[in-house]
Number of protein chains: 2
Amino acid sequence: MKYSKQRDMILQYITSSCTHPTAEMVYKDLKEEIPNLSLGTVYRNLDRFVKENLILRIKIPNDKDRFDVNTKKHVHAICTKCGKVTDISLKQIDDLDYCIQDLFKCKVISKSLVFYTICNECDKGGI
Amino acid sequence: MKYSKQRDMILQYITSSCTHPTAEMVYKDLKEEIPNLSLGTVYRNLDRFVKENLILRIKIPNDKDRFDVNTKKHVHAICTKCGKVTDISLKQIDDLDYCIQDLFKCKVISKSLVFYTICNECDKGGI
DNA sequence: TTCCAAAATAGTAATTATTACTATTTTACG
DNA sequence: CGTAAAATAGTAATAATTACTATTTTGGAA
C-alpha cells in the first residue's frame, strides 16, 4: 500500500463529515482542492475504506449510496423533505435478527433498514 | 382505461405467482405466450398495479425490484444462496415506526427493510 | 359496420449510479 | 537515481429502469 494525497484527503473529508455524504458530494467538494481529482478515485477509495471497516456504506434503494464514519451497528432515517440522514441505534432493531432467526428457522446474515421520515425541523414548517 | 391483453396477462401472472418475480422474469415467461411483448409494457403495467395497490414493489438495494401479490404490511427475507424471497410479518417490526417516532421526534412515513439470510433448505446442505 | 380519438403497445434511446479499463503518473525501496 | 508496484485520471461499459415516439388497439358513437 502506497501513500496518495487523494486517499489521504478523501479519508480526512469523510471522517470529519457528519452529513453521510455520497461519493459525488465528496468528489465535488474535494475537486476544489484537487482540480484533477477523478470520481473513480473517490469510489475506489471509499470502497477500500469500507473493506477496511473504517467507514460504512449505506445502501438506499433507488438512491445513491451514502458513507458513514460511524461504524457501530446502526441504521438510518432519511428525511423525505430535506434529505438529512440521521443515525438510529435501538436494541429492538438488533433484536429483530434473533427473532427472525427463531421464527423462520433461517440464519440472518445482515439486514438493510432505512426509515423514510419527516424530520423535526421540516415538520415545524420546513427549512 | 382500456382493455389490453398484455395488461390482463401480466396481472394474471403476477397474482398467481408466489416467487416475488422481477419485471424481467414476468417478461421472459410471458414472452413465450406473447412473442412481441415489450419489457417496457411489463414495467409500465407493474407500476400501474403498484399505484392501484393491487401489488407491492419490493425495493432491494443494488438489485432488481421484485413484485409481491401480498399487499398486507410486511417485509422480506432474501436467501443469499438461492435467492428465494420470503414474506415476514411481525408485530415488533410494525412497532418500530412508533418507537422511532417517539424517540427521534420525527414522522415515520415508511421504511425499507430486507433481511439477508441463509434459508432453512440452503443451510441443510443447500439446493 | 365504420370512423375516430383516446389509450396502449413495441421498440429504441436516454438516464443514473457505479464499476471496469487503460494509459499515465506517483511512490518508495534498493 | 532507477525501477517496479501501486495509484490515478479520464473514458468506456454496465445494468436496471424510465422516457420517447411511431404504430396499433380499443370501444363508443355516427
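Biologist: At what angle do the axes of α1(A) and helix α2 of chain A cross?

Modeller: In this predicted model, helix α2 of chain A spans residues 23–31, and its axis comes within 11 Å of the axis of α1(A). The crossing of these two helices, α1(A) and α2(A), is right-handed, and the angle between their axes is roughly 115 degrees.

Biologist: Which residues of α2(A) meet α1(A), and what classes of residue make up that contact?

Modeller: By class, the contact of α1(A) with α2(A) has seven nonpolar residues and one charged residue, with no polar ones.

Biologist: How are α1(A) and α3(A) oriented to each other?

Modeller: Helix α1 covers residues 5–16 and helix α3 covers residues 39–51 of chain A, and their axes come within 10 Å of each other. The crossing of α1(A) and α3(A) is right-handed. Their axes cross at roughly 65 degrees, and angles of 65 to 115 degrees count as roughly perpendicular, so α1(A) and α3(A) are described as roughly perpendicular.

Biologist: Which residues of α3(A) make the contact with α1(A)?

Modeller: From α1(A), the contact is made by A:Q6, A:R7, A:I10, A:L11 and A:I14. By class, the contact of α1(A) with α3(A) has six nonpolar, three polar and two charged residues. The α3(A) side consists of A:T41, A:V42, A:N45, A:L46, A:R48 and A:F49.

Biologist: In what order do the elements of chain A run from the N terminus on?

Modeller: Chain A has five helices and five strands, and its C-alpha atoms fill a box of roughly 55 × 45 × 25 Å along the principal axes. From the N terminus on, the order of these elements in chain A is α-α-α-β-β-β-β-α-β-α.

Biologist: Are α4(A) and α4(B) roughly parallel or roughly antiparallel?

Modeller: Helix α4 spans residues 91–104 in chain A and residues 91–104 in chain B, and the two pack with their axes 11 Å apart at an angle of about 180 degrees. Since angles over 145 degrees count as roughly antiparallel, α4(A) is to α4(B) roughly antiparallel.

Biologist: Which residues of α4(B) make the contact with α4(A)?

Modeller: The residues of the contact of α4(A) with α4(B) divide into eight nonpolar and two polar, with no charged ones. Chain A contributes A:Q92, A:I93, A:L96, A:C99 and A:I100. From α4(B), the residues are B:Q92, B:I93, B:L96, B:C99 and B:I100.

Notes:
Residues numbered from 1 in each chain as written. Chains lettered and ligands numbered in written order. Predicted model: local features only at pLDDT ≥ 70, side-chain atom pairs only at ≥ 80, totals over all residues. Heavy atoms only, no water. Axes fitted to C-alpha atoms, helices over the stretch in contact; angles between N-to-C directions. Helix = DSSP H or I, 4+ residues; strand = E, 2+ residues; numbered from the N terminus. Parallel < 35°, antiparallel > 145°, perpendicular 65-115°, else oblique. Left-handed = near helix turned anticlockwise from the far one by under 90°. Contact = heavy atoms within 4.5 Å. Nonpolar A, V, L, I, M, F, W, Y, C, P; charged D, E, K, R; others polar.
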